[in-house]
Amino acid sequence: MFNNYEFFSPVRILSGIATLKCLPEIIHKLDGSSVFIMTDKGISAANAHEPVINVLNENTIPFVIFDDIPPDGSVNAVYSARELYEKHRCNLIIAIGGGSVIDTSKALNIAVTLPGDLEKYLGVNNLPHRLKPSIIIPTTAGTGSEVTAVAVVADKHKKLIFNSPYLMADYALLDPLMTLNLPLYITAMTAMDALTHCIEAYTCNGRNPISSELAFSAIKKILLNLPIVMKDSQNLESRLALAEASTMAGMAFSNSMVGLTHSLAHALGVNFKVPHGLCCSIFLPHVLEFNKNYILDELSELSLLFLTENEYKSSSKQNRVELLIKKISQLKQELEEMSKLPSKLRSTNKVQLDDFNFIAKKALVDGSIIYNPVKPTRHEVIKILEKAW
């Protein structure tokens with residue numbers, strides 16, 4: 001049966017080594033005269049934003065930096081940033097960081113453009129018009145937030161979710177120099193985040209031909225380049241390929257949505273402060289095991305990327321899928337050995353067995369669950385948590 005769909009991805013992407021040199025021209029095109037830089041204290045402490053600062057200084061572009069952004073962002077950080085933005089009369093936002101920084105910068109753009117509190121604009125398509133110009137420069141290769149229409153920020157023990165095409169940045173700059181000094185632990189975790197985006201985009205209910213092709217190609221990039229970067233962290237070409245794969249995954253899942261892996265990750269992230277990419281890495285094979293009988297065709301297609309030619313040709317569809325799930329579990333084990341990225345939920349030291357019922361309840365009301373190939377029961381979610389333990 002033919003299904004109608006819409007694919008939307010208006011962000012201009014500049015990709016390549018030393019792409020940051022284009023920044024002054026882009027700022028000029030966007031009529032920017034005073035730049036507001038959003039980042040976090042980890043990036044500031046490591047001077048990871050220095051390449052951007054140098055370009056702005058060399059071109060005498062005034063800027064102010066806000067770096068008080070916690071993991072998962074926060075509403076308080078948005079309002080604090082707004083005070084600084086307005087005090088310095090800024091008119092363009094540059095986000096330098098991973099998912100939390102990028103999402104917080106999007107929420108800031110709402111706060112400095114539209115009247116009232118953020119809560120007024122929660123949900124889908126509740127922004128009335130375009131926001132201030134913005135540029136996103138990712139420092140991780142995982143979230144894909146630079147090309148998504150979604151922003152998620154924490155407010156105490158809940159997440160505020162905004163979804164609107166007006167949240168999308170004007171430009172995304174992919175420069176491997178910005179990811180060059182990422183620790184192997186973060187490199188592995190964010191790559192698994194991107195891989196999860198791809199696989200759920202390819203298999204969940206909102207998939208479409210364009211998102212699927214992007215996801216398929218992004219998986220190929222990840223599987224080829226992640227082992228190279230894990231062995232040679234200074235490899236610029238493979239770093240760039242992972243950044244491109246993350247962006248392609250972002251374009252894919254923002255048009256097809258994600259599923260149960262993300263519902264679980266959201267429940268753990270906001271309530272137990274487990275990093276999102278780590279949650280995705282831990283849960284992905286177990287969720288695929290649960291979903292597999294509903295998406296055999298799609299997983300069999302993806303197995304082309306994970307299996308050798310002989311493994312693929314000599315296996316039935318069911319066996320290919322089993323092998324695919326096994327390969328993902330093996331990848332998790334390899335990353336744990338190389339970077340100490342935990343492969344088990346208990347290794348996070350943040351969750352207890354008696355938390356499972358609470359986590360399951362939270363996951364079942366998360367928006368991503370709508371797009372999972374099948375809706376699980378609370379008992380089934382707890383079983384997944386037990387297997388991941």
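Predicted model: local features only at pLDDT ≥ 70, side-chain atom pairs only at ≥ 80, totals over all residues.

User: Why is Lys340 called exposed?
Analyst: The relative accessible area of Lys340 is 67%. A residue is buried under 20%, exposed over 50% and partly exposed in between, with a 1.4 Å probe and protein chains only. Lys340 is therefore exposed. Its place is in the loop between α13 (317–339) and α14 (356–364), and phi there is positive, about 65 degrees, although Lys340 is not a glycine.

User: How do you know that the length of α9 is close to the expected one?
Analyst: The expected span is 1.5 Å times one less than the number of residues. Helix α9 (residues 260–272) has 13 residues, and its first and last C-alpha atoms are 18 Å apart, close to the 18 Å expected. In α9, 13 of its 13 residues are buried. Lys273 follows the helix, with a positive phi near 60 degrees.

User: What makes a set of residues a nonpolar core, and which residues have the most contacts inside the largest one?
Analyst: Such a core is a set of buried Ala, Val, Leu, Ile, Met, Phe, Trp, Tyr and Cys residues joined through side-chain atoms within 4.5 Å. The largest has 74 residues, and those with the most contacts inside it are Leu195, Ile199, Leu264, Leu268, Phe283, Phe306 and Ile359. Helix α6 (residues 184–203) gives the most to this core, with ten residues. A second core of 20 residues is separate and includes Leu56, Ile61, Leu92 and Met178.

User: What does Phe283 touch beyond its sequence neighbours?
Analyst: Contact means heavy atoms within 4.5 Å. With neighbours within four places in sequence left aside, Phe283 is in contact with Thr261, Leu264, Leu268, Leu345, Leu385 and Ala388.

User: Why does Phe306 count as buried?
Analyst: Its relative accessibility is 11%, below the limit for a buried residue. Phe306 is found in helix α11. Not counting residues up to four places away in sequence, Phe306 touches Leu195, Ile199, Ile219, Leu223, Leu324, Lys327 and Ile328.

User: Why is Ile219 called buried?
Analyst: Ile219 has a relative accessible area of 0% and is therefore buried. The residue is placed in helix α7. Among its contacts beyond four places in sequence are Leu302, Leu305 and Phe306, as well as Leu195.

User: What makes α11 mostly covered?
Analyst: Eight of the eleven residues of α11 (residues 296–306) are buried. Ser303 is one of them, with a relative accessible area of 0%. Ser303 touches Tyr312, Arg320 and Leu324, residues up to four places away in sequence not being counted. The cover over the buried residues of α11 includes α6, α7 (209–231), α10 (276–291), α12 (309–313) and α13.

User: How is the packing of α6 and α8 described, and why is their crossing given its hand?
Analyst: The angle between α6 and α8 (residues 236–256) is about 35 degrees, and their axes are 8 Å apart. Axes are lines fitted to C-alpha atoms, for helices over the stretch in contact, and angles between N-to-C directions run from 0 to 180 degrees. The crossing is left-handed, a label used if the near helix is turned anticlockwise from the far one by less than a right angle, clockwise being right-handed.

User: What kinds of residues form that contact?
Analyst: They divide into seven nonpolar, four polar and one charged. Ala, Val, Leu, Ile, Met, Phe, Trp, Tyr, Cys and Pro count as nonpolar, Asp, Glu, Lys and Arg as charged, and the others, Gly among them, as polar. Among the residues that meet are Ala194 and Cys198 in α6, and Arg239 and Leu242 in α8.

Definitions and conventions. Residues numbered from 1 in each chain as written. Heavy atoms only, no water. Helix = DSSP H or I, 4+ residues; strand = E, 2+ residues; numbered from the N terminus.
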